[in-house]
Amino acid sequence: MKNLYLILSLILISTATTVAVDLESSPPTVCIIGSGIGGSSVAHFLRNYSSSVIGKIRIFERNVYVGGRTATVTLAGETFEAGASILHPKNYHTLNYTKFLYLSVRRPPSAESDSGFGIWNGREFVFKTLSFNSDLPIIKRLVSFANSVLIFFRYGFSLFRLNKFVDNTVDNFLKYYEDFESRPVFETVEEMLKWSGLYNLTRRTLQEELLDLHFSPRIIEELITVITRINYGQSISISGLAGAVSLAGSDSGVWSVEGGNWQLAAGLINYSNIEMHLDEEVESVSSIEQKYQLNTTKGKSYQCEITVVATPLDEVNIQFLPGISIPERKLQHTYTTFIRGLLNPAYFGLSSVSEVPQLVGTVETPDVPFSSISVLKQHNENDMSYKVFSRKPLDDVLLDQIFSVRNETIKIDWGAYPHYHAPEVFAPFILDGQHLYYVNAFENAASTMETSAVAAENVARLILSRLSGQKPASTVTLKSFGDDAYDVHADL
Ligand SMILES: Cc1cc2nc3c(=O)[nH]c(=O)nc-3n(C[C@H](O)[C@H](O)[C@H](O)COP(=O)(O)OP(=O)(O)OC[C@H]3O[C@@H](n4cnc5c(N)ncnc54)[C@H](O)[C@@H]3O)c2cc1C
């Protein structure tokens with residue numbers, strides 16, 4: 001294996017000599033398209049891994065706010081995550097960003113974590129946990145114990161297999177935090193996944209993986225389907241890796257950033273000495289005389305030696321000259337509907353709203369028009385904030401059947417993440433063999449804030465190693481950040 005690293009390093013060094021960026025004259029300018037967690041992380045790691053090799057960094061963002069798919073929504077005066085909501089306790093880049101930006105970690109309030117959970121098949125709840133509102137710790141513990149017993153009776157030993165499957169995948173993913181001595185720079189997503197032992201999981205569907213591991217059909221069709229529908233809006237035919245990542249999102253200890261996850265991208269941008277171009281969409285990227293010329297909707301042109309695409313290219317309209325070739329990929333659209341009001345218990349065949357679980361998950365059937373409904377906040381018995389995920393937009397007639405009261409409704413259509421299938425094919429990190437990079441090639445493995453950060457870190461190292469023919473220094477001092485975070489953000 002060591003020999004493989006050596007060969008990879010030599011390949012990197014030899015390709016570096018062919019790249020035509022003239023470091024003698026002035027440090028190269030980097031243009032980054034997209035201000036989400038991916039684009040802001042590339043900028044952050046470039047600045048932190050090299051103080052002098054990189055010159056100006058410009059980030060272009062078509063929106064008037066930064067953060068991309070991390071954004072908040074204000075529903076009747078209360079703010080909630082509109083896009084990416086939760087982070088895993090072992091998401092170490094985002095955890096580090098949170099610390100260095102002096103942001104606070106928010107844990108789901110116990111009302112959410114201990115709340116009732118039910119699996120709806122369009123006619124009945126095939127499974128329901130107990131929910132009992134009490135502030136007494138002993139009662140909470142008893143209810144929690146009773147629910148564990150209930151879940152065990154329904155799904156049996158497959159639950160332990162589930163834990164093992166997720167833990168093994170997370171352990172492999174942790175290799176991406178190893179230091180530079182043991183961790184090569186990767187030119188392709190395939191190399192990156194093979195090195196950590198995750199590649200094979202992208203070759204087969206989650207269902208195939210789990211059946212081979214002797215999971216019961218019931219846990220696959222119910223509990224696991226519910227989770228993939230909530231986290232990726234898709235069925236168990238997603239790849240094993242996307243499935244494992246989605247299941248890891250249900251681990252205990254998940255967290256978010258107090259005040260909104262968008263602050264991660266905003267903070268990184270604020271403290272990485274960036275020339276930020278908000279409300280400026282990149283229309284074309286042309287390779288002209290060893291530079292890239294970016295033309296934007298503001299009628300302006302910018303020259304840069306290095307260009308990083310930090311947005312999925314599937315639904316954006318950037319013209320590349322000369323053209324680039326990447327595998328076709330479709331985005332899964334997730335319709336997120338926020339409602340302040342009250343569910344209609346009769347829709348679920350129940351007589352009182354308190355009988356409806358706080359998280360309603362669903363199985364794969366054409367009879368159910370939504371993937372999940374969750375209570376975001378209980379204001380009082382008759383007034384709640386809800387989030388509904390669906391694969392298709394929910395019209396008002398349907399919403400009025402599901403909800404008896406709707407005081408406010410906000411609908412968002414997200415081009416959310418790739419529509420996963422197995423075996424996955426990956427776009428390259430280097431789009432043109434020169435200095436045009438693509439962070440979101442990694443999204444076919446899995447789409448999360450952390451995977452974007454991990455891919456971005458590799459792209460930053462790739463840029464630096466291809467520029468200098470050397471690996472960037474392994475001891476990295478992260479800057480310490482002040483408390484005046486960038487305040488341009490999305491409130492959808
Ligand atoms: C509903 C939903 C729920 C999710 N839940 C979770 C979750 O709980 N946990 C989790 O970790 N992840 C979650 N995700 C996934 C997560 O949001 C993404 O994987 C991650 O935020 C991607 O970041 P990114 O920077 O790669 O892309 P983006 O955030 O999409 O950033 C790309 C940016 O590029 C900009 N852009 C595009 N084209 C141009 C152009 N031509 N010129 C200039 N700017 C351009 C876009 O406006 C955007 O701001 C969720 C996503 C959605 C939609």
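1. A residue counts as buried if 20 or more other C-beta atoms lie within 10 Å of its own, as exposed if 12 or fewer do, and as partly exposed in between, with C-beta atoms placed from the backbone. Glu 408 is partly exposed because 13 other C-beta atoms lie within 10 Å.

2. The model is predicted: local features need pLDDT of at least 70, side-chain atom pairs count only at pLDDT 80 or more, and totals for chains, interfaces and linings use all residues. Residues are numbered from 1 along each chain as its sequence is written.

3. Glu 408 is found in strand S19; helices (H or I, at least four residues) and strands (E, at least two) are DSSP runs, numbered from the N terminus. Not counting residues up to four places away in sequence, Glu 408 touches Leu 75, Ala 76 and Arg 340, where contact requires C-beta atoms, placed from the backbone, within 7 Å. Although Glu 408 and Leu 75 are 333 residues apart along the chain, their C-alpha atoms are separated by 7.1 Å.

4. The largest nonpolar core has 120 residues, and Ile 32, Val 42 and Leu 46 are among those with the most contacts inside it. Such a core is a set of buried Ala, Val, Leu, Ile, Met, Phe, Trp, Tyr and Cys residues joined through C-beta atoms within 7 Å. Helix H13 (residues 449-468) gives the most to this core, with ten residues. The core lies between domain 1 (2-68 + 260-327 + 425-468) and domain 2 (72-170 + 206-258 + 331-418), because both give residues to it; the domain bounds come from an automatic or database domain assignment.

5. Is H13 mostly covered or exposed? H13 is mostly covered, with 18 of its 20 residues buried. From first C-alpha to last, H13 reaches 29 Å, close to the 28 Å expected at 1.5 Å a residue; the expected span is 1.5 Å times one less than the number of residues. Just after H13, Gly 469 takes a positive phi of about 70°.

6. Helix H11 (residues 262-270) is also mostly covered, as nine of its nine residues are buried. These buried residues pack against H2, strand S2 (57-60) and helix H3 (92-100), among other elements.

7. Of the 36 residues around the ligand, Gly 34, Gly 36, Gly 38, Gly 68 and Ala 84 come nearest; a residue is near if its C-beta atom, placed from the backbone, lies within 6 Å. The elements that give two or more residues to this shell include helix H2 (37-49) and H13. Domain 1 and domain 2 each supply at least three residues to the shell.

Conventions: Two residues are in contact if their C-beta atoms, placed from the backbone, lie within 7 Å.
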